[in-house]
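This report goes through a protein model, from its overall make-up to particular residue pairs. Please keep the sequence and the structure in view while reading.

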Amino acid sequence: MRRAVELAEKSAPAYTLGPIIHNPHSVRALEKIGVYSAEEADIPDNCRVVMRSHGVGKAVFDRLEARNIQIVDATCPHVKRIHEMVYEAAQKNIPSIIVGAVEHPEVQGILGWSIGKGITIATESEADALPEMECAIVVAQTTFPPERYHELCERIKLRVAKLDIRSTICPATRQRQKAAIDLAGESDVMIVVGGKNSANTQKLALLAGEVCKRTYHIEDPEEVNALSIKSGLRIGITAGASTPDCIFKEVVARMIDIENKDQVTQQEATQETVVTESDFMADVEKTLVQIRPGQTITGTVVQITEDEVCVNIGYKADGLMKKSELSSTDVKEGDMIEVEVVKVNDGEGNVLLSQRNIVNRKLWDEIVAKFEAGEFVEGVGKEAVKGGLLADVNGVRAFIPASHLALRYVEKLDAFVGQKMSLKIIEVDEKKKRVVGSRKEALRVEETERKKALWSSVEVGAVVKGTVRRLADFGAFVDIGGVDGLVHVTDMSWGRVRHPSDVVAVGQEVEVKVLKVDPEKERVGLSLKETSPRPWTVAEEKYPAGAVVEGRVVRIAAFGAFVELEPGLDGLVHISQCSLNRIAKVEDAINVGDVVRVKVLSVDTESKRIGLSIRAVLEDEAMDMDSMNDEFADEYAIPEEELSLDVESEEA
């Protein structure tokens with residue numbers, strides 16, 4: 001609200017489309033410096049208009065811009081966020097259910113951004129009358145009571161199959177309302193300062209009035225004089241969000257003046273009096289503690305029966321407590337325990353006590369404190385219900401909407417019954433002592449922290465294990481523990497790769513080397529080939545001169561053929577080394593794709609050249625064949641003496 005007023009002051013002279021805020025003092029102050037409240041039809045062209053904090057619909061912006069009017073948007077950021085939500089939903093053809101007073105300017109503005117896809121409700125009957133819908137989002141007026149919003153959402157769930165509940169109630173409003181309720185509970189008289197037309201201030205007065213019966217809603221400090229307030233009473237004062245600080249301070253000052261006028265100095269009696277029996281009993285009672293319902297006090301256990309525990313609390317009557325109200329059964333006579341006063345008199349002169357209330361209140365206070373601090377709580381799933389899951393959080397019932405159970409949609413809610421889970425409290429119902437929790441928000445934070453830790457641990461040059469998640473024409477995406485890195489196709493292998501599927505498959509576990517890390521853009525560059533040595537660094541050891549190996553013909557030139565020994569390592573078979581016979585062209589002996597046996601003639605790692613020969617292999621094979629033939633001939637040769645006998649026999 002203060003931001004809206006400040007923008008209006010800086011924009012003078014200007015008009016505001018309706019009162020900038022619901023406070024007549026602020027409106028009158030702005031008029032004095034040239035900022036006037038007017039209806040759209042009364043605003044002239046080519047001027048400056050300040051949009052009020054409640055916001056307006058999209059159509060209003062369009063009409064004013066068409067009239068060449070300069071717009072200063074003072075819409076409350078919380079309200080602006082709701083505009084974006086319903087507008088985005090409308091673009092996707094998703095209806096928006098707006099919870100709030102339909103006549104309120106803020107609700108009208110939100111409705112205007114829903115582009116005909118909005119429905120407003122404010123009561124249970126209106127929620128029950130909603131048509132059945134497949135999906136919808138629900139938002140609330142920023143000043144709508146949180147507990148009422150939660151109750152209406154529960155009813156809306158019965159009409160919408162997939163309901164996306166947005167938390168749009170202003171945290172400051174929620175805190176202001178809670179503070180007003182707490183203050184009213186401690187006061188005899190409660191004064192709420194603010195415009196009579198302000199829904200925010202009206203709600204503060206209503207909530208305070210439910211706790212403190214003597215609650216007054218005033219707009220002007222002059223109204224203080226008409227209030228019938230006696231001195232000695234505890235007076236609480238609060239103000240609506242749109243109430244200027246000066247008005248609030250003036251009310252406080254007037255209350256102090258009234259208190260000073262009513263104070264009367266009393267002189268203590270110095271005359272000695274005779275102490276009667278009644279005076280003596282009065283003095284005794286003064287030594288006893290004064291108690292009230294809800295008070296926490298420490299007492300001593302003086303007696304334990306089958307059903308009850310009797311506690312001396314220093315009052316004129318001992319306190320009685322049912323054993324079921326003990327926080328621990330390990331209690332014995334003489335123990336000092338902390339108890340809460342439930343009733344000062346149960347009708348029979350007994351003081352009723354409870355210890356469990358203290359524990360429950362402490363647990364509740366812990367949950368509220370964690371909610372306000374944005375911390376997580378631990379819960380256990382208890383029961384799957386329509387629209388979500390009931391969980392136990394330190395003895396407090398928590399409702400977890402189905403949309404907040406996991407990062408993705410969950411069909412079987414029963415799977416979470418009995419499961420321990422970390423939750424983030426997103427809404428608190430003080431009156432019913434219930435909370436709304438989100439496991440999804442906790443998972444998101446955990447995921448963010450895990451990624452943050454991972455980004456801090458990923459180092460350039462490190463070799464890590466990962467799993468191939470997805471293939472694209474330009475490379476493969478590898479999950480290295482929650483973060484996907486890219487292995488570009490050029491980093492898949494030391495050799496030529498046409499497509500990543502030639503090297504890896506989805507689901508395959510691989511070792512990769514980290515080439516670069518960009519935490520801001522959440523990008524990691526990886527290499528598969530860098531995890532193995534460069535082929536040329538070990539070529540001389542793996543392929544020494546004279547070795548015979550197999551390779552595949554990958555390219556043919558006029559002067560010879562290139563044979564791939566392994567990815568990234570090719571050797572040249574000169575045309576003169578392609579065949580035993582002289583050939584006119586390489587294709588007369590071999591073709592691309594042929595697997596051939598070659599002999600290593602030379603290896604030059606500096607120049608990255610390997611000389612190969614097919615002819616040498618063929619020559620070696622021919623020599624081996626000649627040698628085999630000689631051996632065969634020697635083995636089966638006829639001795640000379642037998643040969644000479646055969647000759648002589650023929651001649652005879």
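## Surface and overall make-up

The protein has an accessible surface of about 37,200 Å², and carbon and sulfur atoms contribute 49% of that area. The model is a predicted one, and every value below should be read with that in mind. Of its 652 residues, 39% count as buried.

The protein contains 16 helices and 31 strands.

## The five-stranded barrel

Five strands form a closed barrel in the order S17-S18-S19-S21-S20, and their pairing is mixed. On average, neighbouring strands of this sheet are turned by 50° against each other, with direction ignored. Aspartate 429 stands opposite arginine 434 in S21.

Helix H7 packs on this sheet, where H7 touches strand S19 (396-401) as well as S20 and S21, and the direction of H7 makes about 115° with that of S20. Helix H13 (residues 439-457) lies across strand S17 (376-385), S19, S20 and S21, and runs at about 120° to S20.

The structure holds 25 salt bridges. In one of them, the side chains of aspartate 128 and arginine 155 meet with an N to O distance of 2.7 Å. This pair links distant parts of the chain, with aspartate 128 in helix H6 (residues 124-128) and arginine 155 in helix H7 (residues 146-156), 27 residues apart. Aspartate 128 counts as partly exposed because its relative accessibility is 38%, and arginine 155 is likewise partly exposed, with a relative accessible area of 33%.

Salt bridges also link Glu124, Arg148 and Glu151 in a network.

Aspartate 479 and arginine 469 form a salt bridge in which the closest N and O atoms are 3.4 Å apart. The two residues are 10 positions apart and link distant parts of the chain, with aspartate 479 in strand S23 (residues 475-479) and arginine 469 in strand S22 (residues 463-472). How do the two partners compare in exposure, buried or partly exposed? Aspartate 479 is buried, since its relative accessible area of 18% falls under the 20% limit, whereas arginine 469, with a relative accessible area of 46%, is partly exposed.

A further salt bridge joins aspartate 620 to lysine 599, with 3.0 Å between the closest N and O atoms. Here helix H15 (residues 615-635) supplies aspartate 620 and strand S30 (residues 595-604) supplies lysine 599, so that the pair, 21 residues apart, links distant parts of the chain. At 27% relative accessibility, aspartate 620 counts as partly exposed.

Threonine 143 is placed in the loop between strand S7 (133-140) and H7. Leaving aside residues up to four places away in sequence, threonine 143 touches Thr173, Gln177 and Asn200.

Key
Residues are numbered from 1 along each chain as its sequence is written. This is a predicted model: local features need pLDDT of at least 70, side-chain atom pairs count only at pLDDT 80 or more; totals for chains, interfaces and linings use all residues. Side-chain values use heavy atoms; hydrogens and water are left out. Helices (H or I, at least four residues) and strands (E, at least two) are DSSP runs, numbered from the N terminus. Buried means under 20% relative accessible area, exposed over 50%, partly exposed in between (1.4 Å probe, protein chains only). Accessible areas come from the Shrake-Rupley method with a 1.4 Å probe; for residues, only the protein chains shown count as cover. A salt bridge is a side-chain nitrogen of Lys or Arg within 4 Å of a carboxyl oxygen of Asp or Glu. Two strands pair if DSSP finds at least two bridges between them. Axes are lines fitted to C-alpha atoms, for helices over the stretch in contact, and angles run from 0 to 180 degrees between N-to-C directions. Contact means heavy atoms within 4.5 Å.
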